[in-house]
Amino acid sequence: MISLDFLVTVATLALIYAMAAQLLNLEAGWGGMWDLGIAGLIGVGAYSYVLLTSPTDAFVPGLGLAFPLGMIGAGLITATVAVVIGWPALRLRGEYFLITTFAFAEILRQLIVINKDLTGGTFGLTGIARPWELQFTFEGYPYVRLGLTALLTLAIWLVCSRFASSAYGASLRAARDNEPLAMAMGKSIKTLRMSTYATVGLLCGLAVGPAYSWFLGAIVPSVFSANLTFTIWAGLVIGGLGSKLGPILGAALLTAVSELVRLVEVAPEHANLVSAIHPLLVGVLLIAVLRWRPDGLLSERGTFTRLRGRQGGRHAAPVAQASTAGTSATAARLEGERA
Amino acid sequence: MSTDLLEIRGVNKSFGGVRALREVDLTIPIGGITALIGPNGAGKTTLFNVISGFGVPYTGSIVFAGEDLTGLPAHQVARRGMVRTFQTPVGFPSMTVAENVALAMTGHALDTPWAALFRGRADRARRRSALAAAQEQLERAGIGAIADRFLADLSPGDAKLVEILRQLALEPRLLLLDEPAAGMTVDQIETLAVIVRDIADSGTGILVIDHNLAFVLGLAETVHVLEAGALLASGTPEEIGRDARVRQTYLGEENHVA
Amino acid sequence: MQNLLFGLLTGSVLAVAASGFALLRNTERFLHIAHGQFMALGALLALVLSPEIGAVAGIAVAVVATAALGVVCGKVLFDPVKHRGGNVLLFTSVGLAFVTYGAMIAIFGTTLRVSEIELGRARDVGPVSVAPGEVVILAITVVVVAGLWLFLGRTAMGRDIRAVASNRELAHVRGVAINRVSTTVWAVSSGLAAVGGIMSGVVGSVTTESGWGYILLVLAAAVLGGIGNILGVIGAALLLGVVMDMSALVIDTSYRPVVAFALLIAVLLVRPQGLFSFHARKEVAA
């Protein structure tokens, strides 16, 4: 039967993916920047956090800072890295931006591997201290960790919600919808996109990286690979690119489905099958959603219709009226191959 | 006075071997209605793009109200008071008509994630007032009913109107209209003419390019004619209508100057 | 000099795989992320079959099987969503990559495998020392590239493929059998992926993880070479290989991939459309 401990673990991981998916949604869904390098930013965030908070006498020494300082420091470091990457990458569009971010993420990962004195190389960093770990029992701590992760996820949710309803969010989506027109209206595309990318970096370092390292207990470079990037993307696409709740739903669904499979007890010689299930399921889900529900489970239109209603004023027109357009904005954007 | 002029001096531009603009010299008053006409391929759109910052001239300068704007990116040009419309009024498809227009009214200061997070109250207030103002604008233009529709669902005439209203909401000194009459019915064009005249009367200068000569000549105070990238003639609509070279250029074109 | 040879070797393997990727991108209009997994699949199939049926037969079966898989995926997975545009196709390919990756783990397990095929003892030839196996690999690359060039340039199908690549709609109007072109392209592309993967496995080692690394380099070569030019991609792949291995002369070998990507980024900044592309800069850069 499913133990509570197991559920707590799955929930924690689902929340971490949900955080990452929301940030990806911000830059890719609303910002139109198809970033294939988010695992790199999360990796920088995780490593910065651990190195800032590790004790100075650990095997791989750190600065021994308290965890809130570590989070803030990691946030600033990752934001800086994002700016360094973004400055050249944002000059390109479409598949070129995609590949540049992909390349940068791989460069970051390799740099982590190479600088083994700083980062522990391929062996990584182990024995990561978690906040308040010692104040709780071994059995009880996972609940604390879940609570902490949930708080962080909530914070990211609130931040993204604020962005969605703000003038900045509107300008960002305008730049995505019709870049020349946004420029003709005085919007600085470069500033909008750069600030978005830097914000994603900041939050990856502030929240996602630390939360992931608390969850894993040890981090190695191979964790932050293309596999991770694509998993987060899969969660986002399945949940609904451009919707507020979509990334959370998609990430949760993906995690739940792939982790619950682990419950199936198999003989050791079939261990391969179990580790194969996660990617198999992610792949199948992704292909299926794109085939039959390319908008994802929740749509961007839905999110903004609800927001409109809440902002007061007149009642928003029913979404059904868009039927003449054929497809909704998200599918249109997926078709449009925009940057 | 140079503060009331858009001065285009010696502008040259080529695209892969084709000389799109040749030594174009023009002075356009920032006030009243000026038209730019010419057959297909004459370079009208290229000139428009260069003026509005969507293209950089190979040589030459663009001076707007005494300020040199040559080579400035499009968004800077727009912020300095010269705003253009686009021929196909696609707008921002994911937003309603009201939101499209409101985007012009929220200004740029709050356009950062920082402002969104830490000046939330000001941001919310600004958005609310912008939406209300947009609603007003739409109602004044007689299309208040479509405020909550999406641009893809509008008739071409309405979509064009929204395009113009939205750009106008930026309160430009000079509004560049890119083929506003294209694809419109005769009635719609009449209404459009009234609207354009109203805009000019309220102080915003207009520079319009269009293939519909009747529409354009009926509205403008000054007309410039481009042909093969060079300025062919300039003058009042009557003068241009009588100009032999202009008639020559348009011979065989659909819209005949009667 | 020796490094140059290694570079050419690395570049050749990459060139074979990247040409398949570019072929698919030019005609089907999307980035086939699962290409990397197909490379690994071909390599693993060959490695597993060779002890049973001999090296040559093993390789042949692996290539044919991968090609067939590609055709099936093209018809079943990609054709139905073709109308939805490049991004949907890209993510369908990501999904396929995951499925292939999972299937490989299930079938082959995660152990590192080394090919039984020996490269042979290195012999000194002038300033370099070369193993006969390495010569074979270079020879195979030349044959493959030449074959591809002849195929695309001289055969009727090749002409049709080029027509579709330059303007699909026009080709359709002109009566080109788009479906047949599609099938052929999928088969050739996937076959090339398998060949590239097998060669990579012979030169080095293969695991089920290899696919993710392969696609990075293939993408880099494809983008560096520019859209619309398969020869350009081949050239870019060779260049990448050479740069990666020559850089070992001045910096630590572990920096190899970093050098490759740094080169990619540097080139994109200066010439956003790639080194050998026909496209204008405007369409690509902001």
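This is a predicted model: local features need pLDDT of at least 70, side-chain atom pairs count only at pLDDT 80 or more; totals for chains, interfaces and linings use all residues.

Visitor: What makes a pair of residues count as a contact?

Guide: Two residues are in contact if their C-beta atoms, placed from the backbone, lie within 7 Å.

Visitor: Which chains have the most contacts between them?

Guide: Two pairs of chains touch, and the most contacts are between chains A and C. That contact takes 42 residues from chain A and 43 residues from chain C. On chain A, the elements giving two or more residues to this side are helix 4 (95–114), helix 10 (226–239), helix 12 (271–292) and helix 14 (329–336). The largest share, 14 residues, comes from helix 12 of chain A.

Visitor: How is the side of chain A that touches chain C divided by class?

Guide: The side of chain A that touches chain C has 27 nonpolar, eight polar and seven charged residues. Gly is counted among the polar residues.

Visitor: How many residues does the contact between chain B and chain A take from each?

Guide: It takes 38 residues from chain B and 35 residues from chain A. On chain B, at least two residues each are supplied by helix 2 (74–79), strand 6 (82–84), helix 3 (97–103), helix 4 (113–118) and helix 5 (120–140).

Visitor: What makes helix 5 of chain B stand out on the side that touches chain A?

Guide: Helix 5 of chain B gives the most to that side, with five residues. By class, the side of chain B that touches chain A has 20 nonpolar, eight polar and ten charged residues.

Conventions
Residues are numbered from 1 along each chain as its sequence is written. Chains are lettered from A and ligands numbered from 1 in the order in which they are written. Helices (H or I, at least four residues) and strands (E, at least two) are DSSP runs, numbered from the N terminus.
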